[in-house]
Every structure is written in structure tokens, then in C-alpha cells.
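This briefing describes the fold and selected side-chain arrangements of one protein chain. Please consult the sequence and the structure alongside the points that follow.

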Amino acid sequence: MQVSLIGLPGSGKSTVGRQLARRLGVAFIDSDQVIEQRLGCSIRLFFDREGEDAFRDIEEAVLDELTAGTAPAVLSTGGGAVLRPTNRLHLHARGKVIYLHAAPEDIFRRLRHDTTRPLLQVADPQQRLRSLYAQRDPLYRETAHYVIEIGRPSVATLVNMVVMQLELAGLPVAVPVAPVARSAVR
């Protein structure tokens, strides 16, 4: 089973994704890292040099490839992955999608000192987050099977919330545990 995490930049997709993959005993894949490896440079540099459309073309190809895999994995996507209809279709049809939902103000508090996210390098990043939210929230909801309100819980709590949601949906999430050797007591 593939679980994909979607949401605004800074919603915790990579952080929660790493811990969720560890908990489920499956691979973790960060689509932005895969894209940067293919580009040979940072997304921000590519964005500045080639523009958003060129980046979205590469993102679409990478997401198509990553979601087509059959090995169990947790996939963390870029915040704008849902902008292309093909990405939304592939994500939704090829696995279970969790939308890590947060208000723009909460994300701004987390990201106000972050200089690595190209879409937030503007005069008013909080307003930019509000605009991104207005544009993307309906797309995230269309793509997602489940919405998790992230609020302020710990990463461990968020992972537990995702696992509980998957379990409630009847999906196999238990990690096989090796039997414990017991000595016979007489």
C-alpha cells in the first residue's frame, strides 16, 4: 500500500512521512528530493532559472513514476503537487492520500524564517500562504481520501492519527513483529 501526504508547504509532510514510514516499516520517499536529484540543483534554483511551468512538468513526470510503483511506501509530495489534474488523479487512484490540513496562519508561524521555499520568498509571505490555501485547499480535499487536522500536536501524535485513520478504513497497517523467545519455566 502506498500512502501519499499532501498539504501546504510547511504542513509537516516530510517530517510526518519519515516517522509514518518508520512506524509502518516501509520506504519513505520525498518527491522534492527525487526531483532535486534529477535536476542536479535545488528546486529554488531551478524555479528561478526555468520558471514554475518547467518545474511542474518535471514534478508531474516524477509523481507519475513514483505513484506507479507497487512497493509499499510513504510518499511526501511538494505543496503544489495537486495543481495538475494528472497528479491528483494518479495520487488518488494509486494509493491512499492523507491531507495534512493547517490554517495559513499556523503554517506562517512555522515558516516565517524559512528561506528555502521559492513560493514564499515574497514581500508578504503570510498573504501568499492565504492565497495558496484559497487556491489549493479545494484541490487537496478533492485528492485526499482522509483529512487530518494538524493543529499543534506532536509528530508522534500526528503519525498515530494517520495510522488510526488507515486502520479505521480497514487497511493493513500492522508491522509484523518477530516472536519473542520465551524460556520454559518449570
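**Briefing: aromatic pairs, central sheet and overall fold**

Tyr99 counts as buried because its relative accessibility is 1%, below the 20% limit for that class. The model is a predicted one. Its chain holds eight helices and five strands, and Tyr99 lies in one of these strands, E4.

**Aromatic pairs**

- Two aromatic pairs are counted in the model.
- One of them joins Phe47 and Phe55 in a tilted arrangement, with 5.5 Å from centre to centre and 50° between the planes.
- Phe47 is classed as buried because its relative accessibility is 13%, and Phe55 is likewise buried, with a relative accessible area of 4%.
- Tyr99 and Tyr140 also form a pair, with ring centres 4.8 Å apart; their planes meet at 40°, so this pair is tilted.
- Tyr99 belongs to strand E4 and Tyr140 to helix H7 (residues 125–143), so that the pair links distant parts of the chain, 41 residues apart.
- Tyr140 is buried, as its relative accessible area is 1%.

**The sheet**

- Five strands form an open sheet in the order E2-E3-E1-E4-E5, and their pairing is parallel.
- Strand E2 (27–30) and strand E5 (146–149) are the edge strands, each pairing on one side only.
- On average, neighbouring strands of the sheet are turned by 20° against each other, with direction ignored.
- Strand E4 (residues 96–101) runs parallel to E5 and is joined to it by four bridges.
- Ile98 has Tyr146 in E5 as its bridge partner.
- Helix H2 (residues 31–39) packs on the sheet, where it touches E2 and strand E3 (73–76). The direction of helix H2 makes about 60° with that of E2.

**The chain as a whole**

- The C-alpha trace spans about 75 × 35 × 30 Å along its principal axes.
- Of the 186 residues in the chain, 42% are buried.
- Among contacts between residues at least 6 apart in sequence, 73% join residues at least 24 apart.
- The accessible surface of the chain is about 9,800 Å², and carbon and sulfur atoms account for 53% of this area.

How values were computed
Residues are numbered from 1 along each chain as its sequence is written. This is a predicted model: local features need pLDDT of at least 70, side-chain atom pairs count only at pLDDT 80 or more; totals for chains, interfaces and linings use all residues. Side-chain values use heavy atoms; hydrogens and water are left out. Two strands pair if DSSP finds at least two bridges between them. Helices (H or I, at least four residues) and strands (E, at least two) are DSSP runs, numbered from the N terminus. Axes are lines fitted to C-alpha atoms, for helices over the stretch in contact, and angles run from 0 to 180 degrees between N-to-C directions. Contact means heavy atoms within 4.5 Å. Buried means under 20% relative accessible area, exposed over 50%, partly exposed in between (1.4 Å probe, protein chains only). Accessible areas come from the Shrake-Rupley method with a 1.4 Å probe; for residues, only the protein chains shown count as cover. Rings of Phe, Tyr and Trp (its six-membered ring) pair if their centres lie within 6.5 Å; planes under 30 degrees apart count as stacked, over 60 as edge-to-face and the rest as tilted.
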